[in-house]
Amino acid sequence: MAGIGPITQDWEPVVIKKKAPNAATKKDEKVVNAARRAGADIETVRKSHAGTNKAASSSTSLNTRKLDEDTENLAHDRVPSELKKAIVQARNDKKLTQSQLAQ
């Protein structure tokens, strides 16, 4: 059992340091105001759509406009139901399940 025996003390000093502030803490309003009071340099950058309800991708580009104005019908041709029946019949003749046919 550990701890049985003479008790010794460790007299080595322990140094406890604070963590360096991360980016989120540097942007905190209290920290920014304290830096202003201290006279530190503060860089402010306004984002293009900051504080608005516009998404960054809300502006239409040329490709988007071309796609919106396109009136061509882009539907796939349908496969006739006779093909489906022929596949099912051939699978049943060979006594295969759908999963076996897929492999």
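Author: A helix is here a DSSP run of at least four residues, and helices are numbered from the N terminus. In this predicted model, the chain has five helices and zero strands.

Reader: How do you know what span is expected for H4?

Author: The expected span is 1.5 Å times one less than the number of residues in the helix. H4 has 13 residues, and its reach of 18 Å from the first C-alpha to the last is close to the 18 Å expected.

Reader: Which elements of the chain have the lowest and the highest mean pLDDT?

Author: Helix H3 (residues 62–69) has the lowest mean among the elements, at 74, whereas H4 has the highest, at 93. For the chain, the average pLDDT is 80, and 84% of the residues score at least 70. Where pLDDT is low, the predicted coordinates should not be read in detail.

Reader: Why is helix H2 said to lie largely in the open?

Author: A residue is buried when its relative accessible area is under 20%, and of the ten residues of H2 (residues 29–38) the number that are buried is zero, so this helix lies largely in the open. Across the chain, buried residues make up 1% of the 103 residues. H2 is followed by Gly 39, whose phi is also given as positive, near 85°.

Reader: What makes up the lining of the largest pocket?

Author: Its residues divide into six nonpolar, one polar and seven charged. The pocket has a volume of about 420 Å³, and of the 14 residues that line it, Lys 26, Lys 27, Val 32, Ile 42 and Glu 43 lie nearest its centre. The largest share of the lining, four residues, comes from H2.

Definitions and conventions:
Residues numbered from 1 in each chain as written. Predicted model: local features only at pLDDT ≥ 70, side-chain atom pairs only at ≥ 80, totals over all residues. Heavy atoms only, no water. Buried < 20%, exposed > 50% of the residue type's maximum accessible area, 1.4 Å probe, protein only. Helix = DSSP H or I, 4+ residues; strand = E, 2+ residues; numbered from the N terminus. 1 Å grid on protein atoms, 1.4 Å probe; cavity = no way out; pocket = protein on both sides within 12 Å on 5 of 7 lines; lining within 4 Å. Points joined across faces, edges and corners; volume = space filled by probe spheres on them. Nonpolar A, V, L, I, M, F, W, Y, C, P; charged D, E, K, R; others polar. pLDDT = per-residue confidence, 0-100.
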